[in-house]
Amino acid sequence: MSTLKTLRLLASRKVAGFPCAVVGLAVVVVLSILFMFSYQDALAVGYSIRSTPPRYVFVDLGANVGDSCLMFLQDPEAPEKFDFPTPPGKKHSDAEIFLFEANPTFNTDLVDLKQKLKHRGININIFPSTPVWTESKLMTFHIDLRDRHAAGSSLLADHPSVVQSDKAVNLTSVAISQWLLQNFLPEDFVVVKMDIELAEYSIVSHMAAMGVGRVLDYMFVEWHHWIIDAADPRVAKSAEAVRQLEAEGVRFPTYNTMTKKRKRSV
Ligand SMILES: *[C@@H]1O[C@H](CO)[C@@H](O)[C@H](O)[C@H]1NC(C)=O
């Protein structure tokens, strides 16, 4: 049988009421489309793995009611202006924002802030009732009862704002050095603000020991030097840690905000 005859025969045959040739053509077209799509997917995946841009990240440790988040975003409602660094070509609102706050009193404030910002198209990640520490464990958090901002609340029972307070709550801490290492890369632009009522002395030392400098760019630390004895071993240890982190490229700009002025009344 010649090829021509075979073709004619096929063309005259029918499958489910359609000529064989039409059905064959349809099958070929469908298979080609499927192949093209999966090939494009494969291309797209390969492309995105190679070209994921560096992330811009703001991590707020001791977020309180979210004032410093609003400051970071340069929101008109922020109680004070502060220009946190941005990488070239990015705006503050491009940043991925993570707020950690231990004091459960502020849980609802943080949810409300997240909702308010979401309605403006900005997504923030909140960690309410979450103290940051060198390890993850159950810890007693002492609550400063003197004003709404409970500014002196601390993991450290010897903080002068809480020595008179009998209000405490047990919370599970986040091992913040590990969390930073787990989530970010050296090419990311990572800005950390830290206002954690004496816990900074232990945590900055721990960060240096854990090599967190590899993924950090800026550390805005509120050092509570006016409530710690200069001879306390934590002071010298953290100063050494800062030198090490600076040598690794982390910048420690001076950070004097309203929270400090507020706390001056301690
Ligand atoms: C926190 O846990 C400790 C140890 O289990 C316990 O002695 C203390 O009473 C707890 N404090 C609060 C405020 O629940």
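This is a predicted model: local features need pLDDT of at least 70, side-chain atom pairs count only at pLDDT 80 or more; totals for chains, interfaces and linings use all residues.
Hi everyone. A crossing of two helices is called left-handed if the near helix is turned anticlockwise from the far one by less than a right angle, and right-handed if clockwise.

Some background to start. The protein chain has 266 residues, of which 33% count as buried. Its secondary structure comes to 8 helices and 11 strands. Take the contacts between residues at least 6 apart in sequence: 75% of them join residues at least 24 apart.

Now to H6 itself. This helix runs over residues 199-210, and its 12 residues span 16 Å from first C-alpha to last, close to the 16 Å expected at 1.5 Å a residue. Just after the helix comes Gly-211, with a positive phi of about 75°.

Is H6 mostly covered or mostly open? Mostly covered, with 9 of its 12 residues buried. Among them are Tyr-201, Ile-203, Val-204, His-206 and Met-207.

Let's look at H7. Its axis and that of H6 are 8 Å apart, and the two helices pack at an angle of about 40°. Angles under 35 degrees would count as roughly parallel, so H6 and H7 are oblique to each other. Their crossing is left-handed. On the H6 side, the contact is made by Tyr-201, Ser-202, Val-204, Ser-205, Met-207 and Ala-208; H7 brings residues including Val-235, Ser-238, Ala-241, Val-242 and Leu-245. Sorted by class, this contact has 8 nonpolar, 4 polar and 2 charged residues.

If you like helix geometry, here is a handy reminder: an α-helix has 3.6 residues a turn, so residues three or four places apart point the same way.

On to H5. The axes of H5 and H6 come within 9 Å and cross at roughly 45°, so this pair is oblique as well. Here the crossing is right-handed. From H5, Ile-176, Ser-177 and Leu-181 make the contact, and from H6 it is Ile-203, His-206, Met-207 and Met-210. By class, there are 5 nonpolar, 2 polar and no charged residues.

Technical notes. Residues are numbered from 1 along each chain as its sequence is written. Helices (H or I, at least four residues) and strands (E, at least two) are DSSP runs, numbered from the N terminus. The expected span of a helix is 1.5 Å times one less than its number of residues. A residue is buried if 20 or more other C-beta atoms lie within 10 Å of its own, exposed if 12 or fewer, and partly exposed in between; C-beta atoms are placed from the backbone. Axes are lines fitted to C-alpha atoms, for helices over the stretch in contact, and angles run from 0 to 180 degrees between N-to-C directions. Angles under 35 degrees count as roughly parallel, over 145 as roughly antiparallel, 65 to 115 as roughly perpendicular and the rest as oblique. Two residues are in contact if their C-beta atoms, placed from the backbone, lie within 7 Å. Ala, Val, Leu, Ile, Met, Phe, Trp, Tyr, Cys and Pro count as nonpolar, Asp, Glu, Lys and Arg as charged, and the others, Gly among them, as polar.
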